[in-house]
Amino acid sequence: MKRVLFLLLYLVSAQSLYAQFFDNNFIYSSGEIYGGNYLGGEIALNWVYKEKHAFKFGWVANAKTPENRPEDYKIGLIDALMLGTTKPYDLMETYQVGYGRIVPINPLGTIRANLSIGLAYSKLKKPTNWEKVQDNFLAQNYTWEYERENHMSIVVSPKIEFPFSRYFGFTVGPILVMNKQETFVGIGAGTIMGLLRREKKQS
């Protein structure tokens with residue numbers, strides 16, 4: 001009998017702790033597409049604590065046409081069939097850790113601001129040493145090499161989040177990734193999925 005009572009007490013306590021944890025902690029993923037001086041996207045894991053503090057662990061990947069690309073650069077048939085994926089690009093890949101504040105915009109909790117800023121590590125790749133080759137119908141008319149650099153960055157990414165349901169919503173907002181070599185300024189939109197908010201916003 002004592003074992004049964006102990007088991008029941010344990011289950012009730014565990015259920016209470018479980019409910020309390022998910023009342024104070026919301027964990028969800030986000031995926032966004034950005035446009036700006038680069039084109040790219042972001043994938044992130046988000047943790048909101050007590051509906052006030054927001055933590056983000058994310059990856060941002062961006063690409064743009066190189067500013068130093070020769071004016072007479074041309075792609076070949078193979079490159080066209082590959083939908084431009086073989087073309088040279090300026091690439092910036094950023095791994096970020098951010099902190100933000102949650103600011104509710106409506107009393108239902110279905111619209112809120114997530115004001116995030118963080119530190120990041122950015123990997124840059126830029127094509128250089130362009131060399132013209134004989135025109136070839138199948139291939140590009142230049143070869144190049146990639147120059148690589150790594151820098152610490154600052155990421156500012158305030159968002160407006162729309163968790164219409166407890167498990168799915170949308171997000172929109174600007175982003176700034178800045179280091180001593182490059183600056184990415186853009187605006188993006190995407191989705192958020194996971195445990196986003198309480199079932200019913202408490203007043």
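The largest nonpolar core of this predicted model has ten residues: Tyr34, Tyr38, Val60, Met92, Ala120, Leu124, Val155, Ile175, Val177 and Phe184. A nonpolar core is a set of buried Ala, Val, Leu, Ile, Met, Phe, Trp, Tyr and Cys residues joined through side-chain atoms within 4.5 Å. Buried stands for under 20% relative accessible area, exposed for over 50%, and partly exposed for values in between, with a 1.4 Å probe and protein chains only. Strand S5 (112-132) and strand S8 (168-178) are the elements that give two or more residues to this core.

Residues are numbered from 1 along each chain as its sequence is written.

**Cores**

- Apart from the ten-residue core lies another core, of eight residues, including Phe26, Ile192, Leu195 and Leu196.
- In soluble globular proteins, nonpolar side chains tend to be buried together.
- Ala120, one of the residues of the largest core, touches Thr94, Tyr95, Gln96, His151, Met152, Ser153 and Val155, when residues up to four places away in sequence are not counted. Contact here means heavy atoms within 4.5 Å.

**Overall layout**

- The chain has two helices and nine strands, in the order α-β-β-β-α-β-β-β-β-β-β from the N terminus. Helices (H or I, at least four residues) and strands (E, at least two) are DSSP runs, numbered from the N terminus.
- The chain has 203 residues, and 35% of them count as buried.
- Among contacts in the chain with a separation of 6 or more, 62% are between residues 24 or more positions apart.
- The accessible surface is about 12,400 Å², and carbon and sulfur atoms account for 65% of this area. The areas come from the Shrake-Rupley method with a 1.4 Å probe; for residues, only the protein chains shown count as cover.

**Aromatic rings**

- There are eleven aromatic pairs. Rings of Phe, Tyr and Trp (its six-membered ring) pair if their centres lie within 6.5 Å; planes under 30 degrees apart count as stacked, over 60 as edge-to-face and the rest as tilted.
- Tyr38 and Phe184 form an edge-to-face pair, 5.9 Å centre to centre and with 80° between the planes. Tyr38 is in the loop between strand S1 (25-36) and strand S2 (39-49), and Phe184 is in strand S9 (residues 183-194), so this pair links distant parts of the chain, 146 residues apart.
- Tyr38 counts as buried because its relative accessibility is 1%, and Phe184 counts as buried because its value is 0%.
- Tyr73 and Trp130 are an edge-to-face pair because their ring centres are 6.2 Å apart and their planes are at 75°. Tyr73 lies in the loop between strand S3 (53-64) and helix H2 (77-81), whereas Trp130 lies in strand S5, 57 residues apart. Both Tyr73 and Trp130 are buried.
- One aromatic cluster is formed by Trp47, Tyr49, Phe55 and Tyr99.
- The charged end of Lys125 sits over the ring of Tyr146, 4.6 Å from its centre. A charge sits over a ring if NZ of Lys or CZ of Arg is within 6 Å of the ring centre and within 35 degrees of the ring normal.

- Lys159 and Glu161 make up the covered face of strand S7 (residues 159-162), and Ile160 and Phe162 the uncovered one.
- In a regular strand the side chains alternate between the two faces of the sheet.
- S5 and S7 are antiparallel and pair over three bridges; two strands pair if DSSP finds at least two bridges between them. Arg112 has Glu161 in S7 as its bridge partner.
- S7 and S8 also run antiparallel, joined by three bridges, and a hairpin of five residues connects S7 to S8. Phe162 has Phe170 in S8 as its bridge partner.

**Single residues**

- Lys64 lies in strand S3 and counts as buried because its relative accessibility is 13%. Leaving aside neighbours within four places in sequence, Lys64 is in contact with Asn37, Tyr38, Tyr89, Asp90 and Glu182.
- Glu51, in the loop between S2 and S3, has a positive phi, near 60°, and is a residue other than glycine.
- Asn129, in strand S5, also has a positive phi, near 55°. Asn129 is partly exposed because its relative accessible area is 46%.

Terms used
Predicted model: local features only at pLDDT ≥ 70, side-chain atom pairs only at ≥ 80, totals over all residues. Heavy atoms only, no water.
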